[in-house]
Amino acid sequence: MKSIIFSVSILASLSIGVQADGPHDDAIKARQALMQVYRFDWAMLGDMAKGKKDYDSVAAGIAASNLLTALKIKQDYMWPEGSDSESAGNVENWSLPDLWTADSAKVAAADKKMMDAAVKMNSVAANGLGELKSAMVDINNGCKGCHDDFRKKKK
């Protein structure tokens, strides 16, 4: 758990130090570093579920634990209003302005959906490939909770 927080801190500090000129660039780069940690562990779990990597219960358990730990990091200061993809002066990012104008209950529900999926994944990932595959559906749906409504489509 400490190693994931340390890794995120290092990633964030490395990315923050690189050409942060806009008013929210530090926050944007910090959240992008955190998303990269999510992506790394999610991809490992997904590759096992898809058969691209052999299932390894120890590695699956570690990846699921890391994902849950990273999701528990308080992100309030990483998402200041105006740090979206449409506001001038921000480093490139994919966040839509709708995130800051959306009903807070909708944002909270998406956050809860992802957290619930990560808790489930953490409890079953090391129990076998079948349980991992089932939990991946929930993780993917958890990601979609924000990405569908609050993330600009990549071209």
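Predicted model: local features only at pLDDT ≥ 70, side-chain atom pairs only at ≥ 80, totals over all residues.
Me: What secondary-structure elements does the protein chain have, and in what order do they run from the N terminus?
Reply: Helices and zero strands make up the count, with six helices in the protein chain. Read from the N terminus, the order is α-α-α-α-α-α.

Me: How many of the residues of α3 are buried?
Reply: For the protein chain, 38% of its 155 residues count as buried. In α3 the buried ones include Ala59, Ala63, Asn66 and Thr69. The helix is largely enclosed by the rest of the structure, because the buried count among its 15 residues is eleven.

Me: Is Ala70 buried or exposed?
Reply: Ala70 sits in helix α3. Buried means under 20% relative accessible area. Ala70 comes in at 1% relative accessibility, so it counts as buried.

Me: What separates the C-alpha atoms of Ala70 and Leu34?
Reply: Along the chain, these two residues are 36 residues apart.

Me: How far does α3 reach from its first C-alpha to its last?
Reply: α3 has 15 residues, and at 1.5 Å a residue the expected value is 21 Å. The model is close to that, with a reach of 21 Å.

Me: Are α3 and α5 roughly parallel or antiparallel?
Reply: Residues 57-71 form α3 and residues 104-124 form α5, and their axes come within 8 Å. They cross at roughly 155°. Angles over 145 degrees count as roughly antiparallel. So α3 relative to α5 is roughly antiparallel.

Me: Which residues in α5 does α3 meet?
Reply: The crossing of the two helices, α3 and α5, is left-handed. From the α3 side come Gly61, Ala64, Ser65, Leu68 and Leu71. Their partners in α5 are Met114, Met115, Ala118, Val119, Met121 and Asn122.

Me: How many charged residues does the contact of α3 with α5 have?
Reply: Sorted by class, the contact of α3 with α5 has eight nonpolar residues and three polar ones. As for charged residues, there are no such residues.

Me: How many charged residues are in the contact of α5 with α6?
Reply: α5 packs on α6 (residues 129-150) at about 160°, with the axes 9 Å apart. That makes α5 roughly antiparallel to α6, and their crossing is left-handed. By class, the contact of α5 with α6 has 14 nonpolar and four polar residues, and the charged count is six.

Methods
Residues numbered from 1 in each chain as written. Heavy atoms only, no water. Axes fitted to C-alpha atoms, helices over the stretch in contact; angles between N-to-C directions. Helix = DSSP H or I, 4+ residues; strand = E, 2+ residues; numbered from the N terminus. Parallel < 35°, antiparallel > 145°, perpendicular 65-115°, else oblique. Left-handed = near helix turned anticlockwise from the far one by under 90°. Contact = heavy atoms within 4.5 Å. Nonpolar A, V, L, I, M, F, W, Y, C, P; charged D, E, K, R; others polar. Expected span 1.5 Å × (residues − 1). Buried < 20%, exposed > 50% of the residue type's maximum accessible area, 1.4 Å probe, protein only.
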